[in-house]
Amino acid sequence: MTADFKSMSLAAVDQTVVGWLEQLATQAREAVTHKLTVSTKDHDARNLVTNVDRSNEEWLDQQIRTLDPDAKVVSEEGFGDHPTDMSGDVWFVDPIDGTMNFVHEHTDFAIMVAWYRDGKPKLGWIIDVMAHHIFHGGPEMGVFENDQQLPKQADVDLDQAVFALSGRHLMQADSSYQEVGRSVLAFRVLGSAGITFARILAGQLNGYYAELQPWDFAAGQVMAKTLGLEVTNVDGKPLDMLSSNAVIVTTSSAHREVITLLKS
Ligand code: 2AM
Ligand code: CA
């Protein structure tokens, strides 16, 4: 098994995971209107989890381990491993990203997978379930929206950028989020990191500032960097792949400006 995965082409790994996500997306579109069991977690009424989050994660983690028996899997709902470093093949799974949207809006939620080898991004996948759009790719093959390759992003200054911001931090009157909100052309709160990354990859949004867990940003980071975008923490440093980070994603000019703004 191990030899099989190590000898698979990148395109074959990509298409395998595309197949998994298309299958789960079909099931999620059926579940969204009539098969959800919703509960809360971490004693937070706004932190939802459903039967679909759990079953997607259990199934995806198992598929990954069957494909790549040496894989370490980092995932949200407890079926994963807890690696202490990024050596070897490390996979990230968010079984439903934007669970509040999934439960209440029935749109704007995603399923995400990412694969890193020895800390280097290999491939990322984000499926926008209700839109039937899958974003996939990485530094060695480029980034695709379904079958169409996406171009590198044009540079944008901060005052011309439309950013997604964390609703939670704005609600808590976090001054750094308010400062960024005042400095951009417009801001949006989408409720899903995956959908936000997808809009950035498609050139519909220019940036994102939010506190995110590794499964929230791992897939988006692979593809955003491939398209020439900056993905860092607020100090302009690489993200810690094994803990929560304050994440900035944007074009190089806007990134320089926002890092300077957050330092002052
Ligand atoms: P989730 O739906 O997978 O939990 C807006 O809520 C975005 O932030 C979603 O992508 C959501 O992912 C993520 N999110 C929610 N609560 C979070 C938390 N406490 N820390 C980091 N990310 C969170
Ligand atoms: Ca999730």
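Lys41 is buried, at 16% relative accessibility. Buried means under 20% relative accessible area, exposed means over 50%, and partly exposed lies in between (1.4 Å probe, protein chains only). The model is predicted: local features need pLDDT of at least 70, side-chain atom pairs count only at pLDDT 80 or more, and totals for chains, interfaces and linings use all residues. Residues are numbered from 1 along each chain as its sequence is written, chains are lettered from A and ligands numbered from 1 in the order in which they are written, and side-chain values use heavy atoms, with hydrogens and water left out.

Lys41 and Glu76 meet through their side chains in a salt bridge, at 3.4 Å from N to O. This pair links distant parts of the chain, with Lys41 in strand β1 and Glu76 in the loop between β3 and β4, 35 residues apart. Helices (H or I, at least four residues) and strands (E, at least two) are DSSP runs, numbered from the N terminus. A salt bridge here is a side-chain nitrogen of Lys or Arg within 4 Å of a carboxyl oxygen of Asp or Glu. Glu76 counts as partly exposed because its relative accessibility is 25%.

## The calcium site

The calcium ion (ligand 2) is coordinated by Glu76 (OE), Asp94 (OD) and Ile96 (O), at 2.1 to 2.4 Å. Along the chain, the donors follow the spacing E-x17-D-x1-I.

Donors are N, O and S atoms within 2.8 Å of the metal, or 3.2 Å for Na, K and Ca. Water is not among the atoms, so sites may look incomplete. Asp94 is buried, because its relative accessible area is 0%.

## Further salt bridges

How many salt bridges does a search of the whole structure find? The count is 9. One of them joins the side chains of Asp81 and Arg65, at 3.0 Å from N to O. Asp81 is in the loop between β3 and β4, while Arg65 is in helix α3 (residues 51-67), so the bridge links distant parts of the chain, 16 residues apart. Asp81 is partly exposed at 28%, and Arg65 is partly exposed at 30% relative accessibility.

The side chains of Arg117 and Asp89 form another salt bridge, at 2.8 Å from N to O. Arg117 lies in strand β5 (residues 110-117) and Asp89 in strand β4, so this pair ties together parts that are 28 residues apart in sequence. Arg117 is partly exposed, with 27% relative accessibility, whereas Asp89 is buried at 2%. Lys6 joins in: Lys6, Asp89 and Arg117 are linked in a network of salt bridges.

## A negative patch

Which residues form the negative surface patch? They are Asp155, Asp157, Asp159 and Glu257. Asp159 lies in the loop between β9 (148-149) and β10 (162-165). Its relative accessible area is 45%, so Asp159 counts as partly exposed.

Patches use residues with over 30% relative accessible area and no salt bridge, joining like charges within 9 Å and nonpolar side chains (Val, Leu, Ile, Met, Phe, Trp, Tyr) within 5 Å.

## Positive phi

Most residues other than glycine have a negative phi. Two loop residues have positive values. Asp42 has phi near 55°. Asp42 is in the loop between β1 (38-41) and β2 (44-50), and is exposed with a relative accessible area of 62%.

Ala173 also has phi near 55°, a positive value in a residue other than glycine. Its place is the loop between α5 (167-171) and α6 (175-183). Ala173 is partly exposed, at 46% relative accessibility.

Gly137 belongs to strand β7 (residues 133-138). Gly137 is buried, because its relative accessibility is 0%.

Pro83 is in the loop between β3 and β4. Pro83 is buried too, at 16% relative accessibility. Pro83 and Val73 are 8.0 Å apart in space, C-alpha to C-alpha, and 10 residues apart in sequence.

Technical notes: Accessible areas come from the Shrake-Rupley method with a 1.4 Å probe; for residues, only the protein chains shown count as cover. Lys and Arg count as positive and Asp and Glu as negative; His and the chain ends are not counted. The place of a charge is taken as NZ of Lys, CZ of Arg, CG of Asp or CD of Glu.
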